[in-house]
Amino acid sequence: MTQAARQPVESFVQVLSDEEIDEIEHECAHLPDRQSAAIDAMMIVQKRRGWISDESLAAIARLLGMSVEALDSVATFYNLIFRQPVGRHVVMVCDSVSCYVMGADGLRTRIEEHLGIRTGETTEDDRFTLLPIVCLGACDRAPTLMIDEELIGPVDADNLEAVFSRFE
Amino acid sequence: MDYVRPLIGIIDAVGGRVGLDDYESHGGYDAARRAVTEMAPSDVIDLVKDANLRGRGGAGFPTGMKWSFVPQGPEVGLKYLVCNADEMEPGTFKDRYLITYNPHVLVEGMIIGAHAIGAEQGYVFLRGEYHEPGAELERAIADAYAKGLLGQGIFGTETNFDLRIHRSGGRYICGEETALLNALEGKRAQPRQKPPFPPASGAWGRPTIVNNVETFCNVPGIVRNGAEWYHDLGATDDAGTKLYGVSGRVNKPGLWELPIGTTVREIIDEHAGGMQDGYKLRGFLPGGASTDFLVEEHLDLAMDYGTIQAAGSRMGTGTMIIMDDSICPVDMCRNLEHFFAQESCGFCTPCREGLPWVESLLIDILEGRGEEGDLDILARNAQFIGGPTNTFCLHAPGAMEPLQSALKYFREDFEHYIQHGTRAPAPG
Ligand SMILES: Cc1cc2nc3c(=O)[nH]c(=O)nc-3n(C[C@H](O)[C@H](O)[C@H](O)COP(=O)(O)O)c2cc1C
Ligand code: SF4
Ligand code: FES
């Protein structure tokens, strides 16, 4: 058990910043019930913290009036909600069919070599986490990848330094 | 040849992303104004029916008919209008383009749709990875609010329409319309039992219409120019234009708005610039990963709903993926089935257990462990998992479409692997 989880129940909410709470409340105000904001709330917190820790999860669940288990079952369903820490930049390489046709499998291997990690891992300096992603909706630019919020494609496997050097 | 392009022609006309001023100076929002101030909801529905607009999200359901299923009258209460902008079908890249470059045509289409069904609240269910399109849409919605095109009392009438974006947490199954409603409600995106269908009971138990981005984008043109004009845009029996796309080893992969029913050959050869030097076309998925393979003999077919279906596939999203002769069909099926196995929501057994099993059998075959009889097993499973009533939603049947057609058209590639443990030499 971590530090925060041992604190009294009332203080769970204080794990979240006022800004986060405001933004979540703003979503709730536009929805018929608070639980409907579950995904939005997790995305709001993840945007600032990179991932959803057990403490964040418990705090969001309490704020929305849900059980932690119910919220975690939602969290683990979705690809874009991270329940483990990630590096400063998340690299998502498209492995769907158009990118496959344009050489995505080879590209992934080259990226793994370049970063020195396997897909699913984070570099030792916490700079990059490498994940697979399904079709990014830019198949005319295959093969594609996304770093944080930026879509890149077609990616030149022979010039990966140019792709990654912009992300410190 | 110059075509009428009501969806994206304006993008060329203004030379890039279309803002509110550009949009209005080309007659934008006139159709919504007319619909809201001059037309009864039932007139709008009849017009969309007469126009024969069919859903562009993949299934091709008649839009006007769908809208007519929504209960009308003051006693009905809250209703919702939802735009399906999840676009996760592999090989599909049309809605991203529309939202990024011409977001107001979507907003205008939704205003008209909301008036038609009597919804005061709308949501755009947007893929979580669509950051750039999301920013453009957000700005378009804010601009529309600032001009009184959205919100309370739009166009100086009693009509209200609020529009918000929901960003998805990301799963392919969110695109299935009842799973989408669960996701919108903050739940796991599992498909719902049907009936009741969403027009009767959808988001939060209220009557709800879900339409694809491209479907909504067709509506302003129909209201502005009429049903006959819309019919005449089509090259065959279907009406309107279609965003067609081509990806793979062609010279100019891309997206074009063309008369619906343009032939596959014209799309690939003229618009996509033909195959790259040194590559030959072996097959293609006409409208995304969940459509059956077609081959060279189908190149002269019209890309419309009926013609492609008669050939044993589906027009789907209309964005085709080319399999060239450097690609092994068995391995391409492995890639496709990996996607479907991974994206199963896990609710029903044939899909949750069957798809990973199919993927692993394909891997066995590719790694030289294939056995006599494996192809029959694959074919039987394609039939069983793909049977439309054996699973809770159409994810599993969609998953089997490319496999069953690959077994038909590229059988020798599978057999070569089983007999020799290696890839068949490239044809021709
Ligand atoms: C597994 C699955 C995924 C789907 N994904 C999408 C999607 O991403 N976008 C979409 O518009 N429709 C998708 N659909 C189709 C929707 O269920 C629904 O038919 C469509 O949104 C209705 O809109 P339309 O009538 O305007 O085409 C999907 C269907 C299934 C079974
Ligand atoms: S067919 Fe697959 S995706 Fe659809 S409900 Fe069943 S398990 Fe879920
Ligand atoms: S398949 Fe990679 S972007 Fe579509």
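**A buried isoleucine, a ligand shell and a buried threonine**

A:Ile60 has a relative accessible area of 0% and is therefore buried, where buried means under 20% relative accessible area, exposed over 50% and partly exposed in between, with a 1.4 Å probe and protein chains only. This is a predicted model, in which local features need pLDDT of at least 70 and side-chain atom pairs count only at pLDDT 80 or more, while totals for chains, interfaces and linings use all residues. Residues are numbered from 1 along each chain as its sequence is written, chains are lettered from A and ligands numbered from 1 in the order in which they are written, and side-chain values use heavy atoms, with hydrogens and water left out.

A:Ile60 sits in helix 3 (residues 54–64) of chain A; helices (H or I, at least four residues) and strands (E, at least two) are DSSP runs, numbered from the N terminus. Setting aside neighbours within four places in sequence, A:Ile60 is in contact (heavy atoms within 4.5 Å) with A:Leu16, A:Ala41, A:Met42, A:Val45, A:Ile52 and A:Leu71. A:Leu16 lies 44 residues from A:Ile60 in sequence, yet their C-alpha atoms are 7.9 Å apart in space.

A second residue of chain A, A:Asp72, belongs to helix 4 (residues 68–75). A:Asp72 counts as partly exposed because its relative accessibility is 24%. Residues up to four places away in sequence not being counted, A:Asp72 touches A:Leu57 and A:Arg83. Between A:Asp72 and A:Val93, which are 21 residues apart along the chain, the C-alpha separation is 26 Å.

Chain A as a whole contains 7 helices and 4 strands, arranged along the sequence as α-α-α-α-β-α-α-β-β-β-α. Its C-alpha atoms fill a box of roughly 55 × 35 × 25 Å along the principal axes. Of its 168 residues, 52% count as buried. Among contacts in chain A with a separation of 6 or more, 60% come from residues 24 or more positions apart. The chain exposes about 7700 Å², and carbon and sulfur atoms supply 48% of this; accessible areas come from the Shrake-Rupley method with a 1.4 Å probe, and for residues only the protein chains shown count as cover.

Turning to the ligand, 19 residues surround ligand 1, and B:Gly57, B:Asn84, B:Asn211, B:Asn212 and B:Thr215 are the closest; a residue is counted here if one of its heavy atoms lies within 4 Å. The shell divides into 5 nonpolar, 8 polar and 6 charged residues, with Ala, Val, Leu, Ile, Met, Phe, Trp, Tyr, Cys and Pro taken as nonpolar, Asp, Glu, Lys and Arg as charged, and the others, Gly among them, as polar. Strand 4 (residues 208–212) of chain B gives the most to this shell, with 3 residues. A backbone N or O atom of B:Arg56 is 3.4 Å from an oxygen atom of ligand 1. A polar backbone atom of B:Glu87 lies 3.2 Å from an oxygen atom of the ligand, and one of B:Gly175 lies 3.2 Å from a nitrogen atom of the ligand. On its own, ligand 1 has 610 Å² of accessible area, of which the protein covers 89%.

B:Thr241 lies in strand 5 (residues 241–247) of chain B and is buried because its relative accessibility is 1%. Its side chain makes a polar contact with the side chain of B:Glu257 at 2.6 Å; a polar contact is a pair of N or O atoms within 3.5 Å, and within protein one must be able to donate a hydrogen and the other to accept it, residues adjacent in sequence counting only if both atoms are side-chain atoms.
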